[in-house]
Amino acid sequence: MKELRIPDPRTNDRIRVPEVRLVGPQGEQVGVVPIAVALRLAQEAELDLVEVAPDAKPPVAKIMDYGKFKYEAAQKAKEARRNQVNTELKEVRFRLKIDVHDYETKRKRAEGFLLGGDKVKAMILFRGREQSRPEQGVRLLHKFAEEIAEFGVVESRPTQDGRNMTMIIAPLKNKSDVKGEQNAKRAADKAERRASEHAAKAKPEDAAPAASPEPAAAESKETATAESTAE
């Protein structure tokens, strides 16, 4: 499917209408003016005239720095794409006769996925005659769901499709909430570190201990003794 691209607005001499409803560079309403007047005001301000509402009667044009406007719009779009969060479907696979250690590894992996805001598709792979015992797969998946109930809830119950049986578990928190909590925690930790560093810099240095008078007294006594001996 071909992506629709929104065309850039008409600017300056590309605006082919007799008059526009003009908005000044600070957002002030100038009113309806001939296009020649609007272009002259934009040139005097060393800015661009941009048609922001072409379907209005008459079209609305604004005096602005179009290059700066495009750059800021691109930055906002980039930030929005970076912050966009999509829930993914992660998969953990079991054998019907799975050993305890392998089961615990799969369970912890699923918990990590759910904590990250992703759904988990738990799948049992049947071998040979195991397909004739689907109730054992259901019991295993129910046990799995109960043990990770702290992190997710069953969205679709166990269903068998040939040699596979699957169950979908949804996280208790969506990915947007998880990402928001992570960002808030990072910001709080950063603020706490800065506060600690500021407190450490502001703390006065320990005062040097006052000199003990005893050595001076002893020195005076020794001087007096030396003078007495010299006499």
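1. Basis of the note. The model is predicted, so local features need pLDDT of at least 70 and side-chain atom pairs count only at pLDDT 80 or more, while totals for chains, interfaces and linings use all residues. Residues are numbered from 1 along each chain as its sequence is written, and side-chain values use heavy atoms, with hydrogens and water left out.

2. Overall make-up. The protein has six helices and eight strands; helices (H or I, at least four residues) and strands (E, at least two) are DSSP runs, numbered from the N terminus. Along the sequence their pattern is β-β-α-β-β-α-β-α-β-α-β-β-α-α. Of the 231 residues, 25% are buried, where buried means under 20% relative accessible area, exposed over 50%, and partly exposed in between (1.4 Å probe, protein chains only). Among contacts between residues at least 6 apart in sequence, 58% join residues at least 24 apart; contact means heavy atoms within 4.5 Å.

3. The largest nonpolar core. A nonpolar core is a set of buried Ala, Val, Leu, Ile, Met, Phe, Trp, Tyr and Cys residues joined through side-chain atoms within 4.5 Å. The largest one has 20 residues, and Val-92, Phe-94, Ala-122, Ile-124, Phe-144 and Met-167 touch the most other members. Two or more residues each come from strand 5 (89-95), helix 3 (100-115), strand 6 (119-125), helix 4 (134-147) and strand 8 (164-171). Helix 4 gives the largest share, four residues. Beyond residues up to four places away in sequence, Ile-124 touches Phe-94, Leu-96, Gly-137, Leu-140, Leu-141, Arg-163, Asn-164 and Met-165.

4. The second core and helix 1. A separate core of 12 residues includes Ile-35, Ala-38, Ala-42 and Ile-63. In helix 1 (residues 35-44), the residues Ile-35, Ala-38, Leu-39 and Ala-42 are buried. Seen down the helix axis, the buried residues of helix 1 fall within an arc of 100 degrees, so they line one face of the helix; the arc is that of the directions from the helix axis to the C-beta atoms. These buried residues pack against strand 1 (19-23), strand 2 (29-34), strand 3 (48-53) and strand 4 (60-64). Ala-36 and Glu-44, on the other side of helix 1, are exposed. Just after this helix, Glu-46 takes a positive phi of about 55 degrees.

5. Ile-63. This residue lies in strand 4 and counts as buried, at 4% relative accessibility. Its C-alpha atom is separated by 6.3 Å from that of Val-50, 13 residues apart along the chain. Leaving aside neighbours within four places in sequence, the contacts of Ile-63 include Leu-22, Val-23, Leu-41, Ala-42 and Leu-49.

6. Helix 3 against helix 4. These helices pack at an angle of about 50 degrees, with their axes 11 Å apart. Helix 3 is therefore oblique to helix 4. Tyr-103, Lys-106, Arg-107, Ala-110 and Glu-111 in helix 3 meet Leu-140, Lys-143, Phe-144 and Glu-147 in helix 4. Axes are lines fitted to C-alpha atoms, for helices over the stretch in contact, and angles run from 0 to 180 degrees between N-to-C directions. Angles under 35 degrees count as roughly parallel, over 145 as roughly antiparallel, 65 to 115 as roughly perpendicular and the rest as oblique.

7. Glu-111. This residue of helix 3 is buried, with a relative accessible area of 13%. Apart from neighbours within four places in sequence, Glu-111 is in contact with Glu-147, Ile-148 and Phe-151.
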